[in-house]
Number of protein chains: 2
Amino acid sequence: MIHRPEVVKNFPSWARQTLEKMCALGLVEDIAAILARCMLCATLADALQDADYVQESVFERVDVKQAVSLEIDALMENKTIVGSSSSGIPASQFTEKCRHRHHFLIAHPVNPPHLVPVVELVPAPWTDTKTLEDVRLFMAQVGQIPVIVNREIDGFILNRLQGALLNEAFALYEKGYASLQDIDATISHGLGLRWSFMGPFETIDLNAPGGLADYAARLGNMYYELARVRQAKPWPQDVIKRADEERRQTLSRTDLAARRTWRDDVLMQLLHFKQKL
Amino acid sequence: MIHRPEVVKNFPSWARQTLEKMCALGLVEDIAAILARCMLCATLADALQDADYVQESVFERVDVKQAVSLEIDALMENKTIVGSSSSGIPASQFTEKCRHRHHFLIAHPVNPPHLVPVVELVPAPWTDTKTLEDVRLFMAQVGQIPVIVNREIDGFILNRLQGALLNEAFALYEKGYASLQDIDATISHGLGLRWSFMGPFETIDLNAPGGLADYAARLGNMYYELARVRQAKPWPQDVIKRADEERRQTLSRTDLAARRTWRDDVLMQLLHFKQKL
């Protein structure tokens, strides 16, 4: 049963438009061949027929994930592997009762997945080693960058790192140390430049004459002291309200969608840029 | 007195080489004119003569900063403004005794400053409002992106944000959730792409249909829960050792310098790419 018919209706034109933009940058070649490989199915049974790999991307709530996993489990073939687009909930919370649970794992892509290549693979305790390895190879084959999270942790790696940055950003904003715009600029015109092609460890490895250990000896204590004044706390409602209002002065609510399209266009060009490096 | 004569000796060829690379990308125009504006002085008194602005960049330790600030203070003219390249120590810790302390502030650039535009401006309690405003205008005029840190805090904004990410990255690595390389890839092929042209607040503003407040309502609690399991602690010595060894397998110590040159070349091209956007 199709829950959101508008997605099926809009897919062909969205896909063609996106592929045309990507083709103009040389990121894909044969648009017709790609579209010919896409098949829209009216039922889950149709979609699962003879499927080697399923990317399950339903709403992220344990009960919703559990229900669809059991539905897939009942219909899937023995060879089928199921990756869930969960961005923080480990697979053990919703695949335990599946008959094929050794073929389920988390495969967490980043939005938009055709432009941001990383995908986090997180096995449940009962996921087959071979299942993990097969998905890793498959993701690499289709041009994604698979990273392996060796065992389950809430938020996995990506959102734990994002959360650490956001929690500090909200704490600084709350106490009025800087405007939202200036905190954003510190990343977008500062730290984020290196991070678009080097991770945080490589960054510090190159930032001291003797490499990572040298950097840690010089600055490790400073980072410990900075963290000591922080305690985990929810983002306060009044701070969220103030932050949202500051954003709305920069970008009105009605312009959000256009800005998202702009973001994706920039990501596409950035991907093109990185491929040329 | 010149403490490091090799810097003076190497500067002209380094500057010419760097400017030639930048010129090839259209980032600067008249190399000869730029070089003609550079003057190397043998004494602090010579360097300070008739100076409007001083970028003090000595080793980052309170006693060293204090000594040079007092030396500058004794020689500077009344119009001169002094920005310190401190990356985490507030100016109040080393400028209190300066006669011209209202003309001192932090101006923290990011390495390499000719390729990473952000510069954090942090006034001490006694810095003149006009001094801050003058430096902000001056930095913007020379093509930097000044951000204002409204009042002093250890680590300012940039290194507090970097520290939050590093502390989480080290904690994940310590417990074996992923390899150093995979944690780095999560940023360099994931989160870092958007952060190279959008800050963390704009990122979440675009990541929920209704904007930032909507995102906070959906995911704020998750980020709180992720932070709750963390406590500030120093990076353990054995973890640093293990991380350094993993890095040295990827990049030998003797290749660090070449990789830094590569990083700067990529940053230069990224700057060129962003200017074209």
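How many residues does helix 11 of chain B have, and how far does this helix reach from its first C-alpha to its last? Helix 11 (residues 256–276) has 21 residues and reaches 30 Å, close to the 30 Å expected at 1.5 Å a residue; the expected span is 1.5 Å times one less than the number of residues. Helices (H or I, at least four residues) and strands (E, at least two) are DSSP runs, numbered from the N terminus.

A word on the ground rules: this is a predicted model, in which local features need pLDDT of at least 70 and side-chain atom pairs count only at pLDDT 80 or more, while totals for chains, interfaces and linings use all residues. Residues are numbered from 1 along each chain as its sequence is written, chains are lettered from A in the order in which they are written, and side-chain values use heavy atoms, with hydrogens and water left out.

| Helix | Number of residues | Reach, first to last C-alpha | Expected span |
|---|---|---|---|
| Helix 11 of chain B | 21 residues | 30 Å | 30 Å |
| Helix 10 of chain A | 14 residues | 20 Å | 20 Å |

Buried residues (under 20% relative accessible area, 1.4 Å probe, protein chains only) in helix 11 of chain B include Leu256(B), Arg260(B), Asp264(B) and Phe273(B). Their cover includes helix 7, helix 8 and helix 11 of chain A, together with helix 1 (5–24) and helix 10 (237–250) of chain B.

In helix 10 of chain A, the buried residues include Val239(A), Asp244(A) and Arg247(A). Here the cover includes helix 6, helix 7 and helix 11 of chain A, plus helix 8 (200–205) and helix 9 (212–228) of chain B.

**Where the chains meet**

Counting contact as heavy atoms within 4.5 Å, 104 residues of chain A touch 105 residues of chain B. The buried area (accessible area, 1.4 Å probe, that two parts lose on being put together, summed over both) is about 10100 Å², and carbon and sulfur atoms give 70% of it. Arg160(A), Tyr177(A) and Phe201(A) supply 8% of the area that chain A buries against chain B, more than any other three residues.

The interface also holds 10 salt bridges, each a side-chain nitrogen of Lys or Arg within 4 Å of a carboxyl oxygen of Asp or Glu. One salt bridge joins the side chains of Asp205(A) and Arg247(B), at 2.8 Å from N to O.

**A buried glutamate**

Glu56(B) lies in strand 1 (residues 53–56) of chain B and is buried, with a relative accessible area of 5%. Beyond its neighbours within four places in sequence, Glu56(B) is in contact with residues including Lys65(B), Ile72(B), Ser84(B) and Phe94(B).

How values were computed. Buried means under 20% relative accessible area, exposed over 50%, partly exposed in between (1.4 Å probe, protein chains only).
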